[in-house]
Amino acid sequence: MPLSLGEIAVRFGCALQGDPDTLVTGVGTLAGAGPDAITFLANSHYRSALPTTRAAAVLLSEADADELGTAAALITDNPYAAYARVAQLLHPPAPWNPGVHPSADVAQDARIAGSAWIGPQAVVEARAHIGERVRVFVGPGCVVGAGVSVGDDTHLIANVTVLNNALLGRRCVMHPGVVIGSDGFGMAPDHGEWLRVPQVGSVRIGDDVDIGANSAVDRGAIEDTVIGDGVKLDNHVQIGHNVRIGAHTVMAARAGVAGSTVIGRRCMIAADSGFVGHLNIADDVVLLARCMITHSISEPGTYGGGLPGDKLRRWQRNAARFRNLDSLVRRLGALEQALERWRRGSDGSGDNDG
Amino acid sequence: MPLSLGEIAVRFGCALQGDPDTLVTGVGTLAGAGPDAITFLANSHYRSALPTTRAAAVLLSEADADELGTAAALITDNPYAAYARVAQLLHPPAPWNPGVHPSADVAQDARIAGSAWIGPQAVVEARAHIGERVRVFVGPGCVVGAGVSVGDDTHLIANVTVLNNALLGRRCVMHPGVVIGSDGFGMAPDHGEWLRVPQVGSVRIGDDVDIGANSAVDRGAIEDTVIGDGVKLDNHVQIGHNVRIGAHTVMAARAGVAGSTVIGRRCMIAADSGFVGHLNIADDVVLLARCMITHSISEPGTYGGGLPGDKLRRWQRNAARFRNLDSLVRRLGALEQALERWRRGSDGSGDNDG
Amino acid sequence: MPLSLGEIAVRFGCALQGDPDTLVTGVGTLAGAGPDAITFLANSHYRSALPTTRAAAVLLSEADADELGTAAALITDNPYAAYARVAQLLHPPAPWNPGVHPSADVAQDARIAGSAWIGPQAVVEARAHIGERVRVFVGPGCVVGAGVSVGDDTHLIANVTVLNNALLGRRCVMHPGVVIGSDGFGMAPDHGEWLRVPQVGSVRIGDDVDIGANSAVDRGAIEDTVIGDGVKLDNHVQIGHNVRIGAHTVMAARAGVAGSTVIGRRCMIAADSGFVGHLNIADDVVLLARCMITHSISEPGTYGGGLPGDKLRRWQRNAARFRNLDSLVRRLGALEQALERWRRGSDGSGDNDG
């Protein structure tokens, strides 16, 4: 559906520099947008594209507005968030007919809200509850286990497995291959073998949670694994049993949290980062890529932990030195002491003062 | 089903301090358990909760028993293993009716044991064999490929793919999203392109093997990929073609093994650890988190390989220095030599002896 | 189908040392091959097995031929590529009957080529196009989304999800659990919460692309994510939104590419390697295992970035020193200056020249 720049300005509190009647029908990049598209500038990296963009309008900050060529300016403090809202209006979810596809397998005592859609070949098991406007988008492989509850307006895209008794909040999106409620990795050593420890907890997921493709959230060993409201997990993220993740924390691809670690609110965890088990992490902690956290963190702060790659020769030389770093430090200490002794000795002789 | 403490003590050889007739109906944590639950103490980290636990009984070691308040003590050398066994009794698998769901697609020449259950919309292909009491739990997306054999009492939870001719042992659990028998990553370089090398081996999985959500075990290039008895793999674990993993080895989340590496028995591989290809790893090797192994290991032992993250400023300063570690060592060597020459020179002059 | 050594020699331009009429019916390893199998030597690591192999013939380079015992030699410059081609002939894909399995769910306006096969319980949505000889091998969980196009001779093995409007080229193989076209991880911060940014781009995949088990390729935020011809991705690979990967680049298991990074042609990316977002990587770049790339690379070259694991004691000592590497360098610098001042002082006194 087309939107006028005037309507956008009013709805989202932007200052408009341009014709309020101009219509936009879609979104584009600064470089690629056509004359009926709206775009945005949130990353100064792309600032140089402002003068030449063919977009109808650009959502951007006041500081950048004067760089614009012919495009109208929609000035806002948070261009990216404003863009997200405009794009949501311009690209509404496709309409659907409520109901249950004849090829889906739904248990008699499952409760399916009248406005929900259960796609082909989905399976909804005993006592499961599916909320209003829920869309089990593309049925195959979507499994809603016994006693599961799926909140209103939540989407299971495809091949999503939600196992027994897990609770999903409202307005969540579970991407393909997501597994919720798999057994935690609880194994008890016993005479050189491993006994499976029954995982009798479940998983509770808040509202507005997104979980990316092929991510997994294990059920708790005894109590539940808990994902707070507004948490966003990227692809291939692994959440161990009994983990608790605070509201509005985001974790990028391949991040992982080992069992029983508790992560605060509004944390930002970059790709390939990980936490060992049984830690407590404060609110507002930021981890850069590849950061491994092995101790609890009690204060907000930013952490690094990845070594950037380097040309092979240099990398190999440095990596080889790393294997002797401890002895290197001892050599340095010995040298410092030798020089110190020396100075004292020499000072005694006084020779070197002249 | 409820158990009396007396029965637990007798079955599992625990020394009971408390009323043998007390019944427990479930499990709980030390902090959360109610008066009809049993719990355990295996990690001294939680010792402080002993005096106040409301649990009916606690499985714990003799050394900890005197810390208990009102709870009965079930004293054992291995509280966690004892807990695992008690929890298995208190939480038996749900009963099921054997058979094949009408929506499942089963090849005419597949052999399905009479006590097995094939859930809705599962697919069992030609010549596949499904053993006694096998449960293809939640059918959708469970694929049992042509010529596959699934041992007695093995469970495929949901969306599990087992491709042609793979052999699964008895009492295994394959969690959702597991892929067994995908092609190994065999690509032959040829004039700047890559030729797919047919992967004609298969996968053999022993008894009592658990494989976690979204893990993958590739089929062998020519001979088979082999997973030994009692191996436990966590989520997102990747096993390359021709790998052999010895019995009772455990691998935590996101660990990976590149092609043709052979890992011994009873190894413990922590999260994010990895092995390059074509290695031989001894029995009883332990890897801590993030450990990358690039050479064969001939003796049992414990290895580390992860650098803990640090506050960003300090991390960045140290990481920058790492890029010059080699030249740093050269500077130190030059300094040592200078001081040595100096001493000799000075000794010659004798000045600094007085 | 059996092949004669003579036929192999002619087809693939090998020099034959042996009886051209000898037939081979399959492949084997140097150590395991029987008398009707062909094998190869591409890795000198296995050279010692040449004299004793029982194989009928060995594909190998001229330099290795004189090591052979009774086996015939098929001499070629690229034994591994020649092996790949021979193995493809000896192990052709199983024949199949074209058509749509009755249990599959195919939209009325989907176009399915006459020679294609859609397996049980697959789902093909509106306006999707399935090319000639496409095999949606094992149907369950295979989802071909609305408007998707799947090129001729491409295989979706099982539980493959291809979401709306993605384009797959010809002769591709998508292994189980692959997800194509999941939403990119686009989240706009807004007053301490995260707004989902609609991902309106798609995915374009070239010809001859293989994608391994449980890998994921996100759709673009605005424009498309693009995977070039002949790209080979191993298992658990993660490709972020707007990424572009050049033709014939290979990426091993668990590698990842963050959003908007552009990777050149013929790159070789080892396991566990990763790229941060918004980079440009030249053609012919090689990354060794665990290499994290944080800056653009403008020239071909080989990069390292993984520290090999070490015995725990030594690793811990070195890792502890790493946390003080910066101060260590400062200490060294101070020492150098002290010695320099000293020398000047001493030279002044002249004492140490004698």
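How many residues of chain A are in contact with chain C, and how many of chain C with chain A? In this predicted model, 75 residues of chain A are in contact with 78 residues of chain C. The area buried between chain A and chain C is about 6500 Å². Carbon and sulfur atoms give 62% of that area. On the side of chain A, the residues that lose the most area to chain C are Arg290(A), Phe322(A) and Arg323(A). Together these three account for 10% of what that side buries.

The rule finds six salt bridges between chain A and chain C. One salt bridge joins Asp190(C) to Arg85(A), with the closest N and O atoms 2.7 Å apart. Side chains of opposite charge can pair when their charged atoms come close. Polar contacts across the interface of chain A and chain C come to 29 residue pairs, with both residues at pLDDT 80 or more.

Several elements of chain A give two or more residues to the side that touches chain C. The helices are α3 (79-90), α4 (312-322) and α5 (325-349). The strands are β28 (232-233), β31 (250-251) and β40 (310-311). The largest share of this side comes from α5(A), with 13 residues. By residue class, the side of chain A that touches chain C divides into 36 nonpolar, 23 polar and 16 charged residues.

Strand pairing links the two chains as well. β40(A) pairs with strand β39 (residues 301-304) of chain C. The sense is antiparallel, over two bridges. Within this pairing, Asp310(A) stands opposite Gly304(C) in β39(C). Strands of a sheet pair through backbone hydrogen bonds, either parallel or antiparallel.

The arrangement of the chains was examined next. Chain A superposes on chain C by a rotation of 120 degrees, with 0.0 Å of shift along the axis and an RMSD of 0.0 Å. That is the relation of a three-fold axis. In chain A, the C-alpha nearest the axis belongs to Gly141(A), 2.8 Å from it. Chain C superposes on chain B by a rotation of 120 degrees, with 0.0 Å of shift along the axis and an RMSD of 0.0 Å. Here the C-alpha of chain C nearest the axis is that of Gly141(C), at 2.8 Å.

What does the interface of chain C and chain B bury? The two chains bury about 6400 Å² between them. Of this area, 62% lies on carbon and sulfur atoms. Arg290(C), Phe322(C) and Arg323(C) supply 10% of the area that chain C buries against chain B, more than any other three residues. In terms of contacts, 75 residues of chain C meet 77 residues of chain B.

Across the interface of chain C and chain B, the rule finds six salt bridges. Among them is the pair of Asp190(B) and Arg85(C), whose closest N and O atoms are 2.7 Å apart. The count of polar contacts between chain C and chain B is 29 residue pairs, both residues being at pLDDT 80 or more. Elements of chain C that each supply at least two residues to the side touching chain B include α3 (79-90), α4 (312-322) and β40 (310-311). α5(C) provides the largest share of that side, 13 residues. The residues of this side divide into 36 nonpolar, 23 polar and 16 charged. β40(C) also joins strand β39 (residues 301-304) of chain B through two bridges, and the strands run antiparallel. In β40(C), Lys311(C) is the bridge partner of Tyr303(B).

Features within single chains complete the picture. Chain C holds an open sheet of five strands in the order β2-β7-β6-β5-β4, with mixed pairing. Its edge strands are β2 (15-17) and β4 (26-27), each pairing on one side only. β2(C) pairs with strand β7 (residues 72-75) of chain C in the antiparallel sense, over three bridges. Leu16(C) has Leu74(C) in β7(C) as its bridge partner.

Over all chains, the count comes to 56 salt bridges. One of them joins the side chains of Asp207(B) and Arg170(B), at 2.6 Å from N to O. This pair links distant parts of the chain, 37 residues apart. Asp207(B) is in the loop between β24 (203-205) and β25 (210-211) of chain B. Arg170(B) is in the loop between β19 (167-168) and β20 (173-174) of chain B.

Methods. Residues are numbered from 1 along each chain as its sequence is written. Chains are lettered from A and ligands numbered from 1 in the order in which they are written. This is a predicted model: local features need pLDDT of at least 70, side-chain atom pairs count only at pLDDT 80 or more; totals for chains, interfaces and linings use all residues. Side-chain values use heavy atoms; hydrogens and water are left out. Contact means heavy atoms within 4.5 Å. Buried area is the accessible area (1.4 Å probe) that two parts lose on being put together, summed over both. A salt bridge is a side-chain nitrogen of Lys or Arg within 4 Å of a carboxyl oxygen of Asp or Glu. A polar contact is a pair of N or O atoms within 3.5 Å; within protein, one must be able to donate a hydrogen and the other to accept it, and residues adjacent in sequence count only if both atoms are side-chain atoms. Helices (H or I, at least four residues) and strands (E, at least two) are DSSP runs, numbered from the N terminus. Ala, Val, Leu, Ile, Met, Phe, Trp, Tyr, Cys and Pro count as nonpolar, Asp, Glu, Lys and Arg as charged, and the others, Gly among them, as polar. Two strands pair if DSSP finds at least two bridges between them. Copies are superposed by least squares on the C-alpha atoms of residues with pLDDT of at least 70 in both.
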